[in-house]
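User: Got a model here to go through. Can you walk me through the strands and the cores?
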Amino acid sequence: MKRELIDELRGVLGAAGVIHEPARLLAYECDGLALLRQRPAAVILPRTTDECARAMRILHREKIPVVGRGAGTGLSGGATPVEGGVLVGFARMRDVLEVNVADQYARVQAGVVNVDLTLAVEKHGLFYAPDPSSQAACTIGGNVGENSGGPHCFKHGATTRHILGLVIVRDDGSVLDLSLPQADPLGYDLVGLFVGSEGMFGLATEITVRLVPTPAVTETLLAIFTDLDAACDAVSDAIAARLEPSALEILDRLTIQAVEASVFAAGYPREAEAVLLVEAEGSEVEVEATLAPLRAIAQRRGAIDIRRARSATERKKLWAGRKGAFGAMGRIAPDLYVADVVVPRTKLRELVAESTRIAREKRLKLANVFHAGDGNLHPNISYDRRDADEVKRVLEASDEIMKVVVAAGGSLTGEHGVGLEKQEFMSLVFGDDDMRAMCRVRNAWDPQGRLNPGKLIPVHACREMRGTERPR
Amino acid sequence: MTSLDVLEGRLAAIVGPISRAKPRLDVEPLPLAAPRSVEETCELVRLATTDKLRILPVGRGSKLAWCTTPGHVDFLLSTRNLQRVVSHVPDDGTITVEAGLGMEELASRCRSGGHFLTPDVPLPAQRSIGGVVAAGESGTDRLRFGPVRHHVLGTRTVLANGLATRSGGQLVKNVTGFDLQRLYCGSHGTLGVIVEVSLRLFPEPEHELRVTCRSSDLADALSLSRKALSLPARIVSLGIERVDGGFELAARLFGLRPVVEAERAQLLATWPRATIVEGALARSACTAASARQRLADSPHPTLRIACMPSRLEVVAPLVQRALADARIAGRFALQPGIAELDVEVASGCSESATLATFVRSLRATLAKHSATVALRNAPRTALVELDPFGERAPGLELMRAIQRNLDPDGVFATGRFHGGL
């Protein structure tokens, strides 16, 4: 990047707000999808909406592509930089701007870490419900970009149901203030449309989120199975019985072993083929009325033991194991490919078995840990990226899993987004006409196609995307 | 043969017999084409695009008077013949139906699979799911379940190019592609014709109660509602209606039987002298109350006022005072949990200009409290210089750009939604 441009950006953002030294840029080459890498021309770190807007006006003038990045925990390559482009990071926008206890909302800067928001509001008897496994690192802005989920989204819904307002910096540096929380949008639902747009509509700098009252009682159960299929069937039965716990999560044997050998050890029995982690919340009566039939279902499906967390510490430990599962898999191999697909909840057993078969045929190590209640599978493949043949087999397995899932009525992604990883598979789910409609809407937000270009929609799908100007 | 006869002949060649209908009481009847399939819908839209005709998409027509009357419309496109259940998987808690299916039939279908349909809209026999989604109409059960847009998993929508396009899907969790269904939901058909809707369903309650109590004045009623809302009970809906000499509060409870019984005990401790109806009686009472509280049965202009819950106790008396000052009489209902007030302008504003002046003045007064005022069922003369949806929304230019990109020729009778969209 030209020196004068760096200096101009520094004039807006300060010296600490612009990174352009090659060695420091290394850290921004990829997000959680380490298979895909591209060094950005520079990284900028605004502290306020105004700084972000002023910097974006400069980048607009120079026609430089821009990629937004929260904490870089995304797993679909949504924050992979583009060649010659600038990465906008939100690591210096970490303020909780307002907590409105009476109306149960908070206004935060985009870089606030997910779990920090709950920590900031829990003294008011409130919490922020979407809880991705990476919640100790991922940001609210990133969650908005990807419409992130998490275990408790089974009851509370994904990010989109919790976003009341946004302040957005547009492609040209103009600021769109949609932050006033309203029951229903006036005009089109721009906020709802923006959530999950993977950074291709604008940069959310301030976010108004809905907060949820902390439940009076929370109970966590661990049902232990000697058969993964049986655990899947127990979840399908629970859904068919119209039960509404707050989370239904499954971990298989390989995951359990990795977790138990790690710092996240939760006390899961190593000999189990699967564990089902169940949580219910609400009044004491409600929790008992939800868990009693769930226990019966688990027993009917062959659970050999059902343990109840006896204290908040024990409950936290059980969840730490679940949320640390991806990290724990580092013990199996140096790299981890986290797949993310959704299946109809009546077909859990069938599609988990299919994923396992595909991995076995490709001679890969597959561990399952997933949001079973939502039908959101995470077949995780451990591999070594230095082994080119293994990388090839991982990608082949991922392709096959996506194809069988879509053929069974499922979808490409439940919470990680399409990004670069699944772009070419969009045509399995959507026709060209569907994607052209998406492109037309995107074109209204970003006519030059400079925001996170080359993501989500396959380039051949629409003329609007092909018209994107090349970076200088 | 008039040009209207020629048009009707061309429409009939696609969809069969054409009737005529008034999109609003105060305009002339227009040809109404009711396609029997998505393909016929596409063909009608292609005809309109090619011949530069303007279409007004309608479901059952119950919410057309929420909008401004469009300047020119060539024909109405009704989804009333699109009634198929495309897919219903009770054990997955999802259903996909064509847009013309009535809310009553849809709720009944969901119930047969052990599910409750939200939104529980007023007068369901007069509404289709497509119309409810297109208008973004939520029910009084929004307190428990949230707005309708949260439960639309996906849509199939015919755009101005005459192509049926999908967004979202039929799964309870899915982030594949941009969520265009969020854009179509609440757009009043100004971006396309919604022909298919996929919904998330909720468990049919095991037990249901309606708890009511009387209060002498509004302040007391609001105080009682605040106490009810501070309980751990997950109240489904909570309404306050003006009745002879005072106000009536009504709360709906449903779910698993032991949970509902525990919630009943909590509420009774909070509301002295409450009366209770249970089961089927409770449901029919709630359905009737929903129509009254939402003023869906009103032949008069109505106002929907929305604010943040914490402002309700300031906003409601301000509205009451403004109505009294303007000598406006009519029903007055509140939904404290979702901070919405519905006001009927039954008398006191017979002149359109007077109504417009009153609404402008009320908007100015309530703007200080971040409250919005929408005007529904207003005579077209009142809407000459008044936007029925509210004052200018931020992002209106962007909304116009989205509309231009999806419907460059204004095939879907643009100009009738907020800000001339």
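Analyst: Four bridges join strand 5 (residues 85-89) of chain B to strand 6 of chain B, and the two run antiparallel. Strands pair if DSSP finds at least two bridges between them; strands are DSSP E runs of at least two residues, helices H or I runs of at least four, numbered from the N terminus. This is a predicted model: local features need pLDDT of at least 70, side-chain atom pairs count only at pLDDT 80 or more, and totals for chains, interfaces and linings use all residues. Residues are numbered from 1 along each chain as its sequence is written, with chains lettered from A and ligands numbered from 1 in the order written.

User: Which residue is the bridge partner of V85(B) in strand 6 of chain B?

Analyst: V97(B). In that hairpin, with four residues between the strands, G93(B) takes a positive phi near 70°.

User: What does strand 10 of chain B pair with?

Analyst: Strand 10 (residues 193-200) of chain B pairs with strand 6 of chain B, antiparallel, over five bridges. E98(B) stands opposite E196(B) there.

User: Is strand 6 of chain B buried or exposed?

Analyst: Five of its five residues (94-98) are buried, so strand 6 of chain B is largely enclosed by the rest of the structure. Buried means 20 or more other C-beta atoms within 10 Å of the residue's own, with C-beta atoms placed from the backbone. T94(B), T96(B) and E98(B) point one way, I95(B) and V97(B) the other.

User: Switching to cores. Which residues touch the most other members in the largest one?

Analyst: A223(A), V235(A), V275(A) and L276(A), out of 218 residues. Helix 8 (residues 228-240) of chain A gives the largest share, eight residues. A nonpolar core is a set of buried Ala, Val, Leu, Ile, Met, Phe, Trp, Tyr and Cys residues joined through C-beta atoms within 7 Å.

How values were computed. A residue is buried if 20 or more other C-beta atoms lie within 10 Å of its own, exposed if 12 or fewer, and partly exposed in between; C-beta atoms are placed from the backbone.
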